[in-house]
Amino acid sequence: MTLPEGLKEFSLAGKAAVVIGAEHPVGRVAAVTLAEAGAKVLIASQEPGTEEALAEVAKAVAAAGQKDPPVQVQHAAIRADLSATADLAVKQFGGLDIFVTALDTPFYAPVEATSDSDFDRVMEDNFKSVWIACQEAGRVMLAHGGGVIVNISNVMAERGVPNAALYCAAKGAVRNLIRALALEWARRSIRINTIECGWLEEEGSPALVPGDFSDKLVKYLPYRRLLKPEEIAGVLLYLVSPAASFVTGTSVAVDGGLLCRV
């Protein structure tokens, strides 16, 4: 497909990409969006046991134009797995230009009911995994002339929510990590940014459980509805494309105005 002149900066033709956490709804959207824009995409999981979901994502990526996309089942909190995934991208595609993380394990509980084991698990799944992913992507990108990293997170990185203190802390840690890495890598040709999602319309979200919480939440949201995963596609494409060549260290909220609330 030939793009109009004004849209050529949004083409990802010839780019090599990895999406970690592709089994999640936003990870699936990320993988399909990159493939539709012309990138070659390696699909990887956040955790094992998600092979069925990854197979569905692979079908969607193939339908977007990439025949037989490689699929890597891994645990994103294990360095050896992420290292192998980054190296596989180089082996399959000859490099690594784009790296997207969609790593998320929600956790809701009062502070007094949160155990040390809860702390370890939530921080590992939501912060440590992103830390390792950025290190391994950076290792490969620094050796191949640079690249772009986008972390898909949520607005709890910016705001506190009752009964979600630990989860908010983990997301906040990721937000500041991206700021610091943007400065560290600015002169080494790596850009890194974050997409902060509002309350998502996805399976398992407490916002979809009928009851007092979901009723109050929807009334509070400016658009009075949840974010559909596919609504992150445009922002993601912009951030990974040459059109955003001078954008790094920032966070773009796709939240329907939620962060405008006091």
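Is C168 buried or exposed in this predicted model? C168 is buried, at a relative accessible area of 10%, where buried means under 20%, exposed over 50% and partly exposed in between (1.4 Å probe, protein chains only). Because the model is predicted, local features need pLDDT of at least 70 and side-chain atom pairs count only at pLDDT 80 or more, while totals for chains, interfaces and linings use all residues; side-chain values use heavy atoms, with hydrogens and water left out.

**View 1. The cysteines C168 and C197.** Searching the whole structure gives 0 disulfides, a disulfide being a pair of cysteine sulfur atoms within 2.5 Å. C168 has its closest cysteine sulfur in C197, 15 Å away, which is too far for a bond. C197 is likewise in no disulfide, and it counts as buried at 1% relative accessibility.

View 2. On a 1 Å grid over the protein atoms alone, a pocket is an open set of points with protein on both sides within 12 Å along at least five of seven lines; a cavity is a set of points where a 1.4 Å probe fits but cannot get out, and lining residues have an atom within 4 Å of a point. Grid points are joined across faces, edges and corners, and a volume is the space filled by probe spheres set on the points. The lining of the largest pocket has 25 residues, with D104, P106, Y167, L200 and E202 nearest the centre. Helix 1 (25-36), strand 5 (147-154) and helix 5 (165-185) each supply at least two residues of this lining, and strand 5 gives the most, with 3. These elements are DSSP runs numbered from the N terminus: helices are H or I of at least four residues, and strands are E of at least two. By class, the lining has 15 nonpolar, 6 polar and 4 charged residues. Ala, Val, Leu, Ile, Met, Phe, Trp, Tyr, Cys and Pro count as nonpolar, Asp, Glu, Lys and Arg as charged, and the others, Gly among them, as polar.

**View 3. The second largest pocket.** This pocket holds about 260 Å³ of space. Its lining has 15 residues, and G160, V161, W199, Y220 and L258 are the closest to its centre. The lining divides into 12 nonpolar, 1 polar and 2 charged residues.

**View 4. The largest cavity.** The structure holds 1 cavity of 30 Å³ or more, and the largest cavity has a volume of about 30 Å³. Q46, E47, H75, A76, A77, D125 and S129 form its lining. In this lining, 2 residues are nonpolar, 3 polar and 2 charged.

**View 5. V100 and the nonpolar cores.** In soluble globular proteins, nonpolar side chains tend to be buried together. A nonpolar core is a set of buried Ala, Val, Leu, Ile, Met, Phe, Trp, Tyr and Cys residues joined through side-chain atoms within 4.5 Å. The largest one has 38 residues, and L34, V41 and V100 have the most contacts inside it. Among the elements that give two or more residues to this core are strand 1 (16-20), strand 2 (40-44), helix 2 (51-63) and strand 4 (98-101). Helix 1 provides the largest share, 7 residues. Leaving out residues up to four places away in sequence, V100 touches V18, V19, I20, A30, L34, V150, I152 and L236, contact meaning heavy atoms within 4.5 Å. A second, separate core of 30 residues includes A89, F99, L177 and A182.

View 6. I192 is found in strand 6 and counts as buried at 0% relative accessibility. Not counting residues up to four places away in sequence, I192 touches C134, I149, I178, L181, A182, T248, G249 and T250. G145 lies in the loop between helix 4 (116-143) and strand 5, and is exposed at 58%.

View 7. N163 is not a glycine, yet its phi is positive, about 65°. The loop between strand 5 and helix 5 holds N163, which counts as partly exposed at 45% relative accessibility. R224, also a residue other than glycine, has a positive phi near 55°. R224 sits in the loop between helix 6 (212-220) and helix 7 and is exposed, with a relative accessible area of 56%.

Key. Residues are numbered from 1 along each chain as its sequence is written.
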